[in-house]
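Me: I would like to learn how to read the side-chain contacts and the surface of a model, one kind of feature at a time. Could you give me the general idea for each, and then the case at hand?

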Amino acid sequence: MARSLCPGAWLRKPYYLQARLSYVRMKYLFFSWLAVFVGSWIIYVQYSTYTELCRGKDCKKIICDKYKTGVIDGPACNSLCVTETLYFGKCLSTKPNNQAKLGDQGNLSELVNLILTVADGDKDGQVSLGEAKSAWALLQLNEFLLMVILQDKEHTPKLMGFCGDLYVMESVEYTSLYGISLPWVIELFIPSGFRRSMDQLFTPSWPRKAKIAIGLLEFVEDVFHGPYGNFLMCDTSAKNLGYNDKYDLKMVDMRKIVPETNLKELIKDRHCESDLDCVYGTDCRTSCDQSTMKCTSEVIQPNLAKACQLLKDYLLRGAPSEIREELEKQLYSCIALKVTANQMEMEHSLILNNLKTLLWKKISYTNDS
């Protein structure tokens, strides 16, 4: 019977492999534990922020206490605090402190009369102290002011009532221009690039997308040099736009649509090192004057250019071949618009009308539109 010259040698390699496997296992367990710990911490921080800013029960208690003591009043107070037919549902935002001043608006006297009409919640011809306090609190919010000004416009959600600084808008069936709604915990772990690609897969048919896009172009017209001044869209993202079951565009979040006069006051003379320091919201950009190291007050890109940037991928994906080339050309011309360009207003109107005409011609006789 053959034997090894070194009887213990056959044990060395398995022993080495066992030690190696133990080391790998420990390393794997350590990094797994670390990943779980970091992930749990991120979720805890996000959840803490979410619950702190989306505290519906606390908000209701504060508002109803003020209503019952006569401090505030409004047409939504009875439904919220007495019959309890109005309740808080999904929290759509965790952003606090969205305030703005009224500013120097065109037709200011007409605007004041319009606000007083809305403030008279019970329509008795008089504004009570409670109603006045509620209206004043609401006027600090961009979105409420814009809803009052554009209450007769198709793409602005209707104001259903208010109570203190709480206001109620009409329900919008689809609360994002495209994509699917995922739990915020899952959203944390999805890369933004993959999320954008995934969202484009969950959109209506192209004729319906075209109808929604026309709605956005019409809303841009509504806020561009209207009777109460010019308003700037400072966060033009898909999550701020929605649509109803007829595929009519509805603005879901208008808190970053601000009066131009207000924006100029907010951003002018701000210290800057480069143009990157001269941004309000995500989309309202001015330039940095290198001689004074201060931000200028003139916004570089008009609302229409920002809307076209948002619509580019949305409309070009699945566009009919016979209009795709012309549509792409018009969208890029729109994106290139600058506020400082000569005859900007004329170019603005021409491009906007051309885009609407091109889309309407293609969908006028389709069932989906």
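Me: Which rings are linked into a cluster by ring pairs?

Reply: Rings of Phe, Tyr and Trp (its six-membered ring) are paired if their centres lie within 6.5 Å, and planes under 30 degrees apart count as stacked, over 60 as edge-to-face and the rest as tilted. Here, ring pairs join Phe144, Phe162 and Tyr167 into a cluster. Please keep in mind that this is a predicted model, in which local features need pLDDT of at least 70 and side-chain atom pairs count only at pLDDT 80 or more, while totals for chains, interfaces and linings use all residues. Residues are numbered from 1 along each chain as its sequence is written, and side-chain values use heavy atoms, with hydrogens and water left out.

Me: How many aromatic pairs does a search of the whole structure find?

Reply: The search finds four aromatic pairs. Among them, Tyr243 and Tyr247 are stacked, with 5.6 Å from centre to centre and 20° between the planes. To place such residues relative to the surface, one uses the relative accessible area: buried means under 20%, exposed over 50%, and partly exposed in between (1.4 Å probe, protein chains only). Tyr243 counts as buried at 8% relative accessibility, and Tyr247 counts as buried at 16%.

Me: Which residue lies over the face of Tyr314?

Reply: A charge is said to sit over a ring if NZ of Lys or CZ of Arg is within 6 Å of the ring centre and within 35 degrees of the ring normal. In this model Lys209 lies over the face of Tyr314, at 5.4 Å from the ring centre.

Me: Which salt bridges link distant parts of the chain?

Reply: One of them is formed by Lys356 and Glu221, with the closest N and O atoms 3.0 Å apart. Lys356 belongs to helix H13 (residues 344–363) and Glu221 to helix H9 (residues 206–223), so that the pair links parts of the chain 135 residues apart. Lys356 is buried at 15% relative accessibility, while Glu221 is partly exposed at 34%. Another is the salt bridge of Lys264 with Glu298, where the closest N and O atoms are 3.2 Å apart. In that pair Lys264 is in helix H10 (residues 260–267), and Glu298, 34 residues away, is in the loop between strand S10 (294–295) and helix H11 (303–316). Lys264 is partly exposed at 26% relative accessibility, and Glu298 is partly exposed at 39%.

Me: Which residues of helix H5 are buried, and where do they lie around the axis?

Reply: In H5 (residues 129–138) the buried residues are Gly130, Glu131, Ser134, Ala135 and Leu138. Seen down the axis, they fall within an arc of 130°, so they line one face of the helix. The face turned away from this buried side carries the exposed residues Leu129 and Trp136.

Me: How many residues of helix H6 are buried?

Reply: Eight of the eight residues of H6 (residues 142–149) are buried, so this helix is largely enclosed by the rest of the structure. Phe144 is one of these buried residues, and it also belongs to the ring cluster with Phe162 and Tyr167.

Notes: Salt bridge = Lys/Arg side-chain N within 4 Å of Asp/Glu carboxyl O. Helix = DSSP H or I, 4+ residues; strand = E, 2+ residues; numbered from the N terminus. Arc of directions from axis to C-beta.
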